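Dear colleague,

Please find below the structure that I am handing over to you. My notes on its cavities and on one helix pair follow.

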Amino acid sequence: MIMKNFLSSKKSFFKEFFLTKLLIIFIFFLSLLLSYKILEKNDIYTNYQDITYHKMIKADPHRYLSHGAEIKKEVEEGNNFFLSGRENYTKYLPPRLAALYYILFDKDLFNNFEEKKINIGIHEEYLTLQCLFYFLSVFFLFNSIKRKFNNKIVFILVSFLCIEPTLTQYNFSFWSESIFFGLQIIILALLLKKNQNLKNLILIGFFISILSLQRQIAFFYIVPITLYYLIYFRSYFKIISIIFGYTFIQLSLGYINFLKFDNFHVMTADSKIEIHRSFVAPVISKIKGITTKEFNYDEGLIVKKWIDENDIKYSNEEKFLNKDFNFVDWMDYRREIVLFEDKIKFDNYIKSRSYNYFINYPEQFLKHYLDRSMHVIILNPFHIYNDMKFISGEIMYESNSHKKYILPRTAYTFFIYIIALMGLIYLIKKKEKKILLILIFSIVYFFGLVGWSGNTRYFVPNMIYISVLFSFGLNSFLEFISKK
C-alpha cells in the first residue's frame with residue numbers, strides 16, 4: 001500500500017511538471033507567432049504632422065539599435081567590438097546586443113549612414129532570440145523551484161510569467177525590458193535555489209552586474225541582496241562571493257571605459273542627470289510658477305556661466321563667443337561639449353544642483369514623489385499596443401486612446417494586487433522568511449528608485465516579484481474555495 005501511494009504520488013508529480021514544461025514550450029511558440037504578426041504589421045514607416053518615423057523603432061529603441069549599427073560599422077572598419085561606438089549616455093548592454101545581432105546575422109539597420117532610413121524585414125531573428133531568452137529564463141526558474149514549492153504554485157507562477165500581458169508585451173518590442181526581465185528571473189531562480197554553493201553565489205553577483213548593464217537602475221541592487229544574505233544566512237563568505245561576481249563585471253566595464261575614454265567609470269550619464277530633468281524640473285517649475293521649458297532655459301543660463309568659468313571646450317566655439325546666444329535648455333550645452341572628461345564634470349555639476357534643490361525643498365519633493373508613486377503602480381498591459389500608434393509617449397499619454405484604458409487598467413491592477421496581498425498574508429502566516437525577505441527587499445528597491453518618475457513602464461520589473469506573491473495567493477484562494 002505504501003509503495004502504491006509512493007508510485008502514485010511520483011506519477012502525479014511527473015505528470016504535473018510535464019504539463020508545466022509543455023505550457024512553457026506552447027506559449028513560447030505562440031509568442032513567436034504573435035511577434036511575427038506584430039512585426040509584419042508595424043515594421044513600417046508612418047507620418048505624424050509631416051514627420052516620418054518607424055512605428056516600432058523610435059525613442060529609446062532607436063537609440064539602442066542605431067548605436068548598435070554604429071558599433072557594427074566600426075567593427076567592420078577594424079575596430080575592437082568593446083571599444084567601438086559612442087559614449088554610453090544611457091544603458092550599456094542594449095546597443096552591444098543589437099550590434100552583436102547585426103554582426104552575427106549580417107544585418108544592417110540603415111540603408112546607409114547618410115539617409116539613415118531603417119531597413120524593413122531584418123528583425124525577425126532579433127525578436128526570436130529575445131523571446132527565447134525570456135522563456136529559457138522562465139524554464140530555468142521552473143527547474144530551480146519545482147521541488148521546493150507546491151506543484152500548483154509552480155504551475156501558477158510559470159503561467160503568470162508566460163502570459164501576464166504587462167510583462168510579456170515587451171517580448172514583442174525593441175524596448176530593453178524583455179532582456180531585463182529575463183535576467184531578473186534568472187537571479188530570482190538563483191536566490192531561491194536550495195544549494196547556495198560558491199558557484200551559485202558568484203553567479204548571483206555576476207547576473208546582478210549584468211542586470212545593471214541592461215538598465216542602470218539595477219546598479220545598487222547588490223545592496224538589498226547582500227543585506228538579505230547577511231540577515232538570513234549571517235555568512236560573510238556568501239556575501240564576499242556575491243560581491244566578487246558583481247565586482248568582476250563592473251571592473252571589466254570600468255577598464256573598457258578607461259581604454260576608450262581614458263577615464264575609469266561604470267555609471268552612465270543619465271544616472272546622474274536624468275533625475276534633474278524628470279524630477280527636479282517639474283517640482284521647481286511649480287514652486288517658481290513657471291513652465292518646465294522655462295525652468296530648463298533658466299538652468300541653461302546657469303550652466304552657461306559655469307561652463308565659461310571652467311574653460312570647457314565646445315564643438316562650435318562661435319556660438320559661445322556670442323554672449324547673446326543661449327541654447328534651448330541646459331541639456332543642449334552638454335551635447336556641444338567636446339572632451340569626455342568635461343562631460344563627466346558637467347554631469348557631476350548637474351547632480352550637485354539636483355541635491356541642492358532636494359535639500360532646499362524637501363517637503364515639495366516628497367509630496368511630488370508620493371503623487372507620482374500613486375500613478376506609477378497602475379499596471380499598463382496596453383503600453384506596447386499604444387506605443388506603436390503614436391510618435392512619442394508624451395502624445396500617447398494625452399490621447400483619448402490612453403484615457404479610455406484607465407478604468408480597465410485600474411480594475412486589472414486591483415485584481416492582481418488583491419491576489420498578491422493574499423499571497424503575502426499566506427507567506428507571513430507560514431513564516432516563510434527567506435522568500436519574504438527576497439520579495440520585499442526587491443520590491444522596495446525597484447519601486448523606491450522609480451516612484452519619482454511617474455512612468456508605469458519603470459514599475460514593471462516589480463511584477464517579477466509580485467508574480468511569486470500572486471501564485472501563493474491564488475493557490476491559497478483556490479484551496480479555500482475547494483474546502484468550501
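At what angle do the axes of helix α5 (residues 151–163) and helix α23 (residues 463–483) cross? In this predicted model, the two axes cross at roughly 135° and come within 9 Å. Angles over 145 degrees would count as roughly antiparallel and 65 to 115 as roughly perpendicular; α5 and α23 are therefore oblique to each other. Their crossing is right-handed.

On the α5 side, the contact is made by Lys152, Ile153, Ile156, Leu157, Phe160 and Leu161. Helix α23 contributes Met463, Ile464, Ser467, Val468, Phe470, Ser471, Phe472, Leu474, Asn475 and Leu478. By class, the residues of this contact comprise 12 nonpolar, 3 polar and 1 charged.

A search of the whole structure returned 2 cavities of 30 Å³ or more.

The largest cavity has a volume of about 50 Å³. Its lining consists of Thr166, Tyr170, Val376, Ile378, Leu379, Asn380, His383, Thr456, Arg457, Phe459 and Val460. Helix α22 (residues 456–459) gives the most to this lining, with 3 residues. The classes represented are 6 nonpolar, 4 polar and 1 charged.

For the second largest cavity, the volume is about 40 Å³. The residues that line this second cavity are Met56, Ser173, Phe174, Trp175, Ile384, Asp387 and Met388, of which 5 are nonpolar, 1 is polar and 1 is charged.

Yours sincerely

Notes:
Residues are numbered from 1 along each chain as its sequence is written. This is a predicted model: local features need pLDDT of at least 70, side-chain atom pairs count only at pLDDT 80 or more; totals for chains, interfaces and linings use all residues. Side-chain values use heavy atoms; hydrogens and water are left out. On a 1 Å grid over the protein atoms alone, a cavity is a set of points where a 1.4 Å probe fits but cannot get out, and a pocket is an open set with protein on both sides within 12 Å along at least five of seven lines; lining residues have an atom within 4 Å of a point. Grid points are joined across faces, edges and corners, and a volume is the space filled by probe spheres set on the points. Helices (H or I, at least four residues) and strands (E, at least two) are DSSP runs, numbered from the N terminus. Ala, Val, Leu, Ile, Met, Phe, Trp, Tyr, Cys and Pro count as nonpolar, Asp, Glu, Lys and Arg as charged, and the others, Gly among them, as polar. Axes are lines fitted to C-alpha atoms, for helices over the stretch in contact, and angles run from 0 to 180 degrees between N-to-C directions. Angles under 35 degrees count as roughly parallel, over 145 as roughly antiparallel, 65 to 115 as roughly perpendicular and the rest as oblique. A crossing is left-handed if the near helix is turned anticlockwise from the far one by less than a right angle, and right-handed if clockwise. Contact means heavy atoms within 4.5 Å.
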